[in-house]
Structure formats: C-alpha cells, structure tokens
Amino acid sequence: MKSHNLITMDDVSVDDIDTILETAHSFKEVNERAIKKLPTLRGFTVINVFLEPSTRTRTSFEIAGKRLGADVINFSASSSATEKGESLADTAATLDAMACDIAIVRSKFSGAPAILARRMNAHIINGGDGMHQHPTQTLLDLFTLKEHLGKIKGKRVGIVGDISHSRVAGSLAPGLKMMGAEPIFIAPPTFLPAVPEVLGAEVSYSLDEVINDLDVVYLLRIQGERADGTAVPSMREYSALYGMNRARMDRLPEHAIVMHPGPMNRGIEISADVADDPRSVVLDQVSAGVAIRMAIMYLMMGGDQNGAAA
Amino acid sequence: MALLLKGARLLDPQSKIDQSADIIIKGGRIEKIGKRLKIDKGDTVDIKGKIVVPGFVDMHVHLRDPGYEYKETIESGTRAAVHGGFTTVCAMANTDPVIDTGAAVESVLGRAEEEAHCLLFQYGAISRGQKGKHLAEMADMLAAGAIAFSDDGVGVQNDKLMRTAMEYASMLDVPLVLHCEDESLIGGACINEGIASTRLGMKGSPALGESLAVARDIALASLTGCQIHICHISTKETVEVIRQAKAEGVDVTCEVTPHHLLLTEDAIDSTYDTLLKMNPPLRTEDDRLALIEALSDGTIDCIATDHAPHAPHEKDREFDLAAYGTVGLETAVPLLLDRLVASGEISLETLIERLAHGPREVLRLDHIGIEEGSIADLTVLDLKEKVTFDLNYFQGRSKNSAFLDQSAKGCATDVLIGGYWALRDKEVTW
C-alpha cells in the first residue's frame with residue numbers, strides 16, 4: 001500500500017483498492033470456514049482507540065484482528081484518561097510507549113487520526129473521524145457493490161441523506177469517483193456541504209427525479225436532532241421526500257441494490273420492508289466489513305495478496 | 001543627552017520626506033533634520049543603509065495579563081512588540097478578570113509603567129464581563145486612562161445593547177472597536193465555509209457571518225453618530241460594505257491582520273495544523289486579493305496583528321478544540337516587508353501609513369512624523385536583513401505562529417521611544 005496509514009481515501013491508490021478488494025475476497029472465504037482463525041498476525045498488537053461510542057465498527061475491527069491472530073486491545077473513552085482531561089496527543093504518546101503495531105481511531109472530531117499519526121509509530125487506521133472520512137466503510141462498500149453488480153466502474157450511486165455531517169459520504173464519494181463510478185448526492189440543500197463538487201459528486205434535490213437511473217441507492221442514517229426543524233422540518237417530511245419505501249423500490253431498476261452503513265432507522269430513511277428486501281444488501285456490508293478490515297491490516301503489516309488465505 | 005543618527009533614508013509619506021539625511025534627537029523629540037549634522041555632546045550612530053520611519057503601532061494585541069500569564073504577560077508581550085519593531089501596542093480587554101472597570105484599567109496601566117518595554121494603551125470592555133448584556137462603566141474607565149472600548153474576542157450579539165453602547169460612547173466621544181461576528185450564522189464553526197470545510201469535514205463559518213454583523217454596526221453607527229473601528233476584517237464582502245459606508249460618510253475605519261493578507265484556507269491540509277486556526281478563519285484567495293487592494297486604496301486604515309499567544313497544550317489538540325489565533329507581533333513587519341512590499345503588491349509608503357499613521361488617527365494618539373518637533377517614536381528598518389521565525393527567534397512567551405520556521409527578508413533592527421533606544425541592533429534594550 002502506498003501509505004503507512006489509512007486516514008483518508010487519498011492514502012490509497014486505485015491499485016491499492018483493487019488489491020484490498022481481492023485480498024478481502026479470500027478472507028471472506030476464511031470467514032465462512034468452521035475454524036476462522038489464521039496465525040498471520042500472531043505477535044502483533046492492534047489497539048482500538050474509540051473516543052466516541054461505537055459498537056459495530058469497533059466489534060468489526062476486533063473480530064478482524066482476532067481472526068488474524070493479533071492481540072486486540074480496546075481503549076474506549078469511558079474507561080480512559082481522556083475522561084480525566086488527558087489530551088489526545090498525550091494519549092497517543094502513551095499508547096506509542098506501549099508499542100502497538102496498528103491503532104484504529106474513532107473520534108467525533110475531524111482530523112483526530114492526524115494527531116495519532118504524528119505521535120505514534122504504529123500504522124493508523126481511521127475508524128471514522130467527525131464529519132470527515134470513514135475509509136474502511138468505503139472499502140467495504142466498494143467490495144459489496146462489486147460483489148453484487150460485478151464491477152464498480154460506470155455505476156451510478158445515489159447517496160441519500162445528511163451528506164454534510166456524514167463521514168461515510170465524505171469517503172464514499174471520492175472512493176467511488178476514483179473507481180470510475182458516478183456518485184450523486186441526493187439531499188435538500190440544508191443537508192449538503194458548502195462545495196459538494198470537492199467530494200466529486202453531482203447533486204440532486206429530488207430522489208424521485210433520479211431514482212430510475214440508479215444502480216445503487218445508498219441511504220445514510222438520519223440523526224434525530226437534525227430533523228427537528230434545524231435542517232429539515234421533521235422526520236415525517238424527510239421520510240416522505242427522501243425515504244426509501246416500497247413505491248420507490250418499484251421504480252428502482254431491477255438489478256439495483258439498496259445499501260446502508262447501519263444502524264438503520266426503520267421507518268425514517270428506510271421502510272421495514274425495504275430493509276428486509278432481497279435487494280437490500282445491508283448484512284452483506286457487515287460481513288464484508290470483517291473481511292475488508294482483515295485485508296487492510298494484513299496488507300499494512302506486509303502481507304501480499306497471494307498469501308491471504310494460507 | 002542628544003542622539004545623532006547619520007546617513008539613513010528618512011521616509012514618511014505624511015511628512016512628505018524621502019531622502020538620505022541625518023537626524024538629531026534631543027529632549028525626546030526630533031530636533032533637526034539635515035545633511036552633515038554634528039552634535040557637541042551625546043552619541044552619534046551611523047545607520048547608513050537603513051530606513052527611519054514613524055514608529056509602528058499595533059492597535060490589536062492580546063497580552064493575556066492578568067489571568068493568563070502562562071501565555072503572555074505585559075512584560076513578555078511588550079518585549080515581543082519591541083522586538084518586532086513596534087513602539088506602541090493596544091491591549092484588548094478579554095483578560096481574567098475582564099478589564100471592565102476603572103480600577104482594572106488603572107491596575108494595568110500602573111503595572112505597564114514598571115513592566116512594559118514599549119508604550120501600552122489599554123482597551124476597556126463594552127459590556128460588563130464581555131457578556132453582551134449590560135454596559136460596562138465606560139466613563140469610569142475613560143477617566144482611568146482607557147484608550148477606547150472593545151468586547152474583542154466575542155461580538156456583541158444583541159442589537160439593542162450595541163445601539164445603547166454606541167449612543168453612550170458617542171456622548172463620551174470615544175471610538176468603539178468592534179469584533180463583528182454573527183454567532184447564529186457561525187455557531188462555533190472554526191474554518192471558512194467553502195472548499196476547505198468540505199474537504200476537511202468541518203462545520204463552516206460563512207463569510208456572511210462577518211459582513212452581516214459589520215453591516216449592522218455600520219447602520220447603528222450611522223444612526224448614533226458613534227465612531228466605530230472594525231477589527232480584523234477578512235472577507236471581500238466586508239471590504240465592500242465598509243467601502244460603501246465610507247463613501248456615504250459614516251465614521252468607520254477598519255483593520256486587517258498580516259495572516260489574512262498572506263494566508264488562505266488552502267493552507268489548511270489534512271494535517272489539520274491548528275496553528276492555522278484563527279477567528280475570523282483564513283478565507284479564500286479572492287478575499288485575500290480584495291484585502292490587499294483595500295489596503296492600498298485606503299478602505300483599510302490599519303494593519304493590526306491580533307497577536308494571540310497560546311501555550312503549546314492549547315494548540316496541540318483536535319482542530320475543533322484548539323485555541324484560536326496566532327502570535328503576530330514579531331513576524332508582522334518582516335512578513336509584510338518580504339511578501340507584500342518586496343513583491344510590489346503594496347508600497348513601503350502604504351505600509352507606513354497603515355502601521356504608523358492609521359492606528360494613531362483611529363485612536364487619536366499624538367501624530368508622529370519624520371519632521372522637526374515630532375516626538376521621537378521611531379522604527380528603523382533594514383530591508384536586507386533576513387530573519388527566520390524558529391523557536392529561538394520569539395521573545396514573547398508563546399510561539400504559536402502560523403509562520404513558524406519560515407523566513408523573511410527585511411525587519412526592524414531598531415526602535416526608539418521618546419528618543420530612547422528600545423531596540424538596538426535587534427536586542428531589546430529598554
């Protein structure tokens with residue numbers, strides 16, 4: 001991989017992404033075995049530095065690290081010095097002194113992984129920073145999209161929801177663009193960043209106007225506190241304009257899929273029957289998450305794509 | 001004791017002088033200017049190759065004293081000022097406690113007599129505790145020696161309170177120095193709303209959050225007749241609002257910082273360098289060019305540094321949590337000489353107007369000129385002397401410079417205050 005760390009999508013090349021997806025493919029097969037554990041990263045230490053609550057991403061990294069045989073330690077805000085006022089720079093220096101090989105960081109502040117990268121020798125993986133990026137989510141999304149649609153290039157992906165506050169969208173749009181797909185943000189202007197083109201996406205205010213041409217509908221989770229009249233009038237109105245429901249499902253091309261990074265708000269951005277529809281690939285994204293994170297850690301520690309399933 | 005400075009270029013657009021000549025300084029004033037001057041008693045100093053200009057004033061600094069002495073003190077901040085080429089600084093009121101009473105003003109000015117390395121003027125707060133709710137005792141502070149009033153650090157949000165403050169200040173015939181920021185639009189965002197905020201996934205601070213607040217204050221100044229000065233303007237729209245108000249005869253002036261003249265949001269990359277976190281935030285290249293144009297055409301009256309010292313632990317944090325601001329006193333003159341004057345973007349005369357005359361006119365300080373009879377508050381420039389802003393360069397207590405480790409050609413090598421050396425060959429001597 002071209003970079004020591006994976007903090008933004010700029011840290012990977014198109015070749016890197018291809019390699020990660022191929023490697024993940026072989027790890028996916030490992031995850032389907034009865035005995036899922038490999039000795040590949042035995043002796044390496046992986047630390048999950050989670051400074052805001054997250055169960056799904058932390059668990060996914062933890063399983064990925066353990067399946068590769070690494071020692072995985074969870075460092076979470078509630079149990080850590082950060083609650084006592086320690087700065088992130090000091091936390092990073094402290095963890096560095098304990099000599100770990102990979103540190104995954106999740107923070108509600110954009111740019112937090114850059115602080116760890118300055119203070120630690122370990123490879124830093126961004127597990128989601130503020131409203132900035134979430135690159136492992138993007139890689140697992142690309143993997144899932146490719147598994148279902150055969151290729152990424154040329155696919156038209158509608159990303160629907162609160163784009164401006166979404167680190168998922170912050171990585172996904174540039175990631176899709178790199179791979180030759182066509183991301184399109186679908187949201188009211190109150191949910192868009194100042195200059196959406198910076199992220200490489202087109203913009204539409206109307207899901208109904210573009211839904212006929214989409215290969216993927218990617219729904220973002222709507223935060224309750226932003227649908228209280230400060231950005232959109234209500235959950236009800238948001239759901240009516242941008243929610244994925246049966247009527248819209250019927251207008252979506254036959255081959256198209258529905259994705260969601262989780263956790264879903266059933267009845268808001270996605271209706272219950274769409275969530276459980278065969279064309280909803282949400283659980284495939286979750287499984288892909290483990291394989292992708294295994295692939296990234298494995299490649300970071302010097303593995304090559306051929307040795308993956310050894 | 002007389003002092004004879006020989007052979008320098010004397011430059012001051014207001015005194016209409018630009019020639020090589022000698023100056024005799026006696027009794028704190030310029031006694032004589034001429035060729036081949038001699039004195040019977042006193043020092044004769046050859047400063048051939050250098051430029052003598054009216055002493056520079058920084059009308060917007062944070063000395064952090066009292067309350068935040070770990071960042072800066074009256075002593076260290078004024079030392080930095082002299083080192084950077086200033087004869088005079090004006091300290092903002094957002095200390096702890098806030099300077100919002102006559103007693104507090106008196107305390108700072110009393111200490112300045114003992115501790116300061118240069119002339120220090122003190123602002124009083126507009127509102128008690130700078131809370132934006134009740135007027136502070138302006139008349140009492142004025143009697144104690146406050147130079148003007150400012151809630152800098154925060155904007156006065158309440159329209160009614162600002163109107164009341166302007167009416168009251170106009171009775172006292174004293175300027176209000178205004179930090180203009182509409183908090184409902186900005187809402188704690190710490191980076192310009194635009195390309196950088198999108199790229200970095202940060203909440204954006206819209207340019208309108210500044211220009212709308214400036215437009216309100218101009219409307220209120222127009223209503224009340226109060227003299228107002230707008231701090232650290234940063235956007236093209238603000239320049240336009242002020243240009244128009246000046247044309248209409250409103251008593252408004254403004255300042256710009258060196259960092260808004262020299263840096264843009266493009267400098268903030270994926271390392272999230274908090275030394276570039278400012279309030280107002282760094283804007284776009286369009287804004288920067290509009291500021292430089294306004295500096296030349298006189299829409300902008302002053303350059304002020306908004307010197308904002310902070311301890312390392314307050315900057316070495318997540319961008320959202322880091323303190324706002326950069327130190328500026330020791331970098332302003334070299335940077336402006338190197339990057340605006342030497343490059344031809346502004347003239348040396350414009351620089352002198354905006355650093356020496358502009359602030360004195362806004363705050364009604366004594367006129368200083370390169371002319372016989374003027375008080376000898378002088379700055380001496382060397383356009384060939386190179387400086388590097390490494391950690392050892394700074395004499396202030398904090399080193400949080402947006403220009404850390406950069407170099408510039410040209411600096412102030414000497415400063416005279418009332419005819420006494422405050423800086424001599426780059427060493428602080430007062």
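**Figure 1. A loop of chain B holds Pro280(B), between α9 (258–262) and α10 (285–297).** Here, in a predicted model, the peptide bond that joins Asn279(B) and Pro280(B) is cis. Its omega is about -5°.

**Figure 2. A cis peptide bond also joins Asp65(B) and Pro66(B).** Omega is about 10° for this bond. To find Pro66(B), look in the loop that runs between β6 (56–61) and α1 (74–84) of chain B.

**Figure 3. His232(B) has a positive phi, near 25°, although it is not a glycine.** The loop between β12 (228–230) and α8 (236–247) of chain B is where His232(B) lies. His232(B) counts as buried because it has 22 C-beta neighbours inside 10 Å, and the cut-off for buried is 20 or more.

**Figure 4. Asp306(B) is a non-glycine residue with a positive phi, near 55°.** You will find Asp306(B) in the loop between β14 (302–303) and α11 (312–315) of chain B. With 28 C-beta neighbours inside 10 Å, Asp306(B) counts as buried.

**Figure 5. In chain A, helix α5 (residues 135–149) packs against helix α11 (residues 282–300).** Their axes are 8 Å apart and the angle is about 120°, so α5(A) and α11(A) are oblique to each other. The crossing is right-handed. Residues of α5(A) in the contact include Leu139(A), Leu140(A) and Phe143(A), while those of α11(A) include Ala288(A), Ile292(A) and Ile296(A). By class, this contact has six nonpolar, four polar and four charged residues.

**Figure 6. Chain B meets chain A through 20 residues of chain B and 21 residues of chain A.** On the chain B side, helix α6 (residues 195–200) gives the largest share, five residues. That side has six nonpolar, eight polar and six charged residues.

How values were computed
Residues numbered from 1 in each chain as written. Chains lettered and ligands numbered in written order. Predicted model: local features only at pLDDT ≥ 70, side-chain atom pairs only at ≥ 80, totals over all residues. Contact = placed C-beta atoms within 7 Å. Helix = DSSP H or I, 4+ residues; strand = E, 2+ residues; numbered from the N terminus. Nonpolar A, V, L, I, M, F, W, Y, C, P; charged D, E, K, R; others polar. Axes fitted to C-alpha atoms, helices over the stretch in contact; angles between N-to-C directions. Parallel < 35°, antiparallel > 145°, perpendicular 65-115°, else oblique. Left-handed = near helix turned anticlockwise from the far one by under 90°. Buried ≥ 20, exposed ≤ 12 C-beta atoms within 10 Å, placed from the backbone.
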